[in-house]
Amino acid sequence: GASLLASMTILSSAALAQTIGFSQIGSESGWRAAETTLTKQEAEKRGIDLKFSDAQQKQENQIKALRSFIAQGVDAILVAPVVATGWDAVLKEAKEAEIPVILLDRMVDSDKDLYLTAVGSDLVHEGSVAGKWLVDTVAGKDCNVVELQGTTGSSPAIDRKKGFEQGIADAANIKIIRSQTGDFTRAKGKEVMESFLKAENGGKNICALYAHNDDMAVGAIQAIKEAGLKPGTDILVVSIDAVPDIFQAMAAGEANATVELTPNMAGPAFDALKAYKDNGTMPPKFIQTESKLYTQKDDPAKEYEARKGLGY
Ligand code: AHR
């Protein structure tokens with residue numbers, strides 16, 4: 001009797017093991033790689049069987065991955081949507097199959113009924129924090145800004161641009177003189193910054209760089225140095241993510257400020273999913289993570305040490 005009961009218990013807990021599909025964008029940035037690592041770790045901690053799919057930056061690959069997860073009958077789907085539009089059809093298919101979908105770190109333009117919840121930061125707020133930091137830092141002096149945008153059509157690129165513009169809206173002394181995508185990558189950030197520097201008198205017309213992520217800023221810092229200027233001094237550098245490398249640049253005086261985005265989006269997503277599956281608790285439509293500003297005054301060397309190993 002006891003052994004039958006024990007084997008039944010094992011069976012029922014095995015039956016509860018969740019299979020969750022995760023469609024990741026790719027690995028364009030240090031932040032993205034950390035999110036992947038942490039999602040795998042958080043799944044393992046909870047005994048979740050995670051099916052991971054890397055879309056190599058292509059929405060069509062993400063849509064294919066979602067359709068394959070639906071066909072396999074997974075218990076839930078996590079997706080970090082590369083761009084904001086074009087998700088309606090596949091999200092409807094998941095809904096019809098009664099498979100809850102959770103968005104990670106980026107938003108979609110689709111109807112909110114088509115996904116269970118979204119875990120992410122207030123992307124507009126992040127941009128406005130960066131903008132306000134610049135307003136305070138230049139304290140009324142004229143400042144020409146160049147902007148490196150994230151992936152075109154992605155919600156962070158759209159919202160971080162909007163937020164920064166809101167942050168500097170009342171400062172007539174601050175002007176965005178150039179703005180182009182650097183695709184959230186280090187290589188493209190460097191390449192586009194080189195063209196900005198060339199077009200703006202070797203960089204002498206540029207007072208500050210605003211990059212939609214730290215990786216592009218790190219690439220741009222290299223370009224500024226190669227142009228014979230001092231990043232962090234001749235050209236101020238403000239970006240978003242708070243990856244270890246930007247703290248290293250801040251400790252060296254080559255970057256000035258960053259707004260933190262946590263790479264652990266999966267932890268809150270899995271918790272919300274568990275509550276929903278176990279007792280039908282409906283999560284809020286948006287589970288917001290914190291955004292904190294760090295500057296050179298915040299002991300960047302210590303912040304660098306603190307982040308190493310946290311998925312980075
Ligand atoms: O969606 C979040 C953004 O995507 C991160 O800021 C960036 O580094 C990543 O690639």
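Which residues does asparagine 61 touch, not counting residues up to four places away in sequence? I found Ala55 and Gln56, where two residues are in contact if their C-beta atoms, placed from the backbone, lie within 7 Å.

**Entry 1. Basis of the work**

I worked on a predicted model, in which local features need pLDDT of at least 70, side-chain atom pairs count only at pLDDT 80 or more, and totals for chains, interfaces and linings use all residues. I numbered residues from 1 along each chain as its sequence is written.

**Entry 2. Overall form**

I looked up the secondary structure and noted eleven helices and twelve strands. Helices (H or I, at least four residues) and strands (E, at least two) are DSSP runs, numbered from the N terminus. The radius of gyration of the protein is 21 Å, close to the 20 Å that the globule rule gives for 312 residues, so I recorded the protein as being as compact as a globular protein of that length. That radius is taken over C-alpha atoms, and the globule rule is 2.2 Å times the number of residues to the power 0.38. Along the principal axes, the C-alpha atoms fill a box of roughly 80 × 40 × 30 Å.

I then looked up burial and found that buried residues make up 49% of the 312 residues. A residue is buried if 20 or more other C-beta atoms lie within 10 Å of its own, exposed if 12 or fewer, and partly exposed in between, with C-beta atoms placed from the backbone. Of the contacts with a separation of 6 or more, 75% are accounted for by residues 24 or more positions apart.

**Entry 3. Surroundings of the ligand**

I counted 13 residues around the ligand, of which Ser29, Trp31, Asp105, Phe184 and Asn213 come nearest. A residue is near a molecule or strand if its C-beta atom, placed from the backbone, lies within 6 Å of it. Helix 2 (30–45) and strand 9 (236–241) each supply at least two residues of this shell. By class, I recorded five nonpolar, two polar and six charged residues in the shell. Ala, Val, Leu, Ile, Met, Phe, Trp, Tyr, Cys and Pro count as nonpolar, Asp, Glu, Lys and Arg as charged, and the others, Gly among them, as polar.

**Entry 4. Helix 3 and helix 4**

How do helix 3 and helix 4 pack, and at what angle? Helix 3 (residues 59–72) and helix 4 (residues 88–96) pack at an angle of about 10 degrees, with their axes 10 Å apart. Axes are lines fitted to C-alpha atoms, for helices over the stretch in contact, and angles run from 0 to 180 degrees between N-to-C directions. The contact is made by Ile63, Leu66, Arg67 and Ile70 of helix 3 and by Val90, Glu93 and Ala94 of helix 4. By class, this contact has five nonpolar, no polar and two charged residues.

I returned to asparagine 61, which is found in helix 3. Asparagine 61 is partly exposed, because 17 other C-beta atoms lie within 10 Å. The C-alpha atoms of asparagine 61 and arginine 46, 15 residues apart along the chain, are separated by 27 Å.

I placed glutamine 56 in the loop between strand 2 (49–54) and helix 3. Glutamine 56 has phi near 50 degrees, a positive value in a residue other than glycine. With 13 C-beta neighbours inside 10 Å, glutamine 56 counts as partly exposed.

**Entry 5. Alanine 242**

I noted a second residue that is not a glycine but has a positive phi: alanine 242, at about 70 degrees. Alanine 242 is found in the loop between strand 9 and helix 9 (244–251). Is alanine 242 buried or exposed? Alanine 242 is buried, as 24 other C-beta atoms lie within 10 Å.

**Entry 6. Tryptophan 133**

Tryptophan 133 lies in helix 5 (residues 123–138). I recorded tryptophan 133 as buried, with 22 other C-beta atoms within 10 Å. Leaving aside its neighbours within four places in sequence, tryptophan 133 is in contact with Val238, Ala257 and Leu293. Tryptophan 133 and phenylalanine 164 are 31 residues apart in sequence and 9.9 Å apart in space, C-alpha to C-alpha.

**Entry 7. Glutamate 226**

I located glutamate 226 in helix 8 (residues 214–226). Glutamate 226 counts as exposed, with 12 C-beta neighbours inside 10 Å.
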